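Reader: I would like to go through this structure and ask what its descriptions rest on.

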Amino acid sequence: MTIGPHALAGAAAATITSNYYLAFIFGLISHFILDMLPHLEPKSLMTKEKDGTKKWSIWLYVFVIVEISLTVFVFYFLRHRPDFNLLLVGAFGGLMPDMIVNNPFLQFLRNKPVIKHLFWFHDKIHIDLPDKYWPVSLIVETLLIGGLLWNFFGK
Ligand SMILES: [Zn+2]
């Protein structure tokens, strides 16, 4: 799953409490629930080198920049809500597992206590559909994003 849905789902999950610690935990739980759904992976946009290694394509850079911009844009429109800080904490919880697991600078944590379990759990729970099923992933992710936006702006 990508940044936007994780941040929005974490923020949505945070709205069921007024406690910042629980907001973070609910955001964290939302991350794993979303990772169990068939979804788009930015790594599908990576290019394969001749030696078999994968490299970020220009489209992946564009995708990440556009998605981060849109996510910041959505949160900008939520900034006047009285529970905005709670939403940010939930979003942070929703993004946290990927910020650790996918961070090239934190790979040294892979074998440390607790974090090693996070890596293991994240790998186990994650549904990785073959790239050819991208339309299914796109439908799921579009419905999810639409539902989350409706949750915040459609009521
Ligand atoms: Zn994840």
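Predicted model: local features only at pLDDT ≥ 70, side-chain atom pairs only at ≥ 80, totals over all residues.

Author: Residues are numbered from 1 along each chain as its sequence is written.

Reader: What makes the largest nonpolar core, and which residues have the most contacts inside it?

Author: A nonpolar core is a set of buried Ala, Val, Leu, Ile, Met, Phe, Trp, Tyr and Cys residues joined through C-beta atoms within 7 Å. Buried means that 20 or more other C-beta atoms lie within 10 Å of a residue's own, with C-beta atoms placed from the backbone. The largest such core has 18 residues, and Ala11, Ala14, Ala23, Leu87 and Val89 have the most contacts inside it. At least two residues each come from α1 (3-14), α2 (20-35) and α4 (84-101); α1 gives the most, with 8 residues. These helices are DSSP runs (H or I, at least four residues), numbered from the N terminus.

Reader: What is the angle between α1 and α4, and why is α1 called oblique to α4?

Author: The angle is about 135°, with the axes 7 Å apart. Axes are lines fitted to C-alpha atoms, for helices over the stretch in contact, and angles run from 0 to 180 degrees between N-to-C directions. Angles under 35 degrees count as roughly parallel, over 145 as roughly antiparallel, 65 to 115 as roughly perpendicular and the rest as oblique. Therefore α1 is oblique to α4.

Conventions:
Buried ≥ 20, exposed ≤ 12 C-beta atoms within 10 Å, placed from the backbone.
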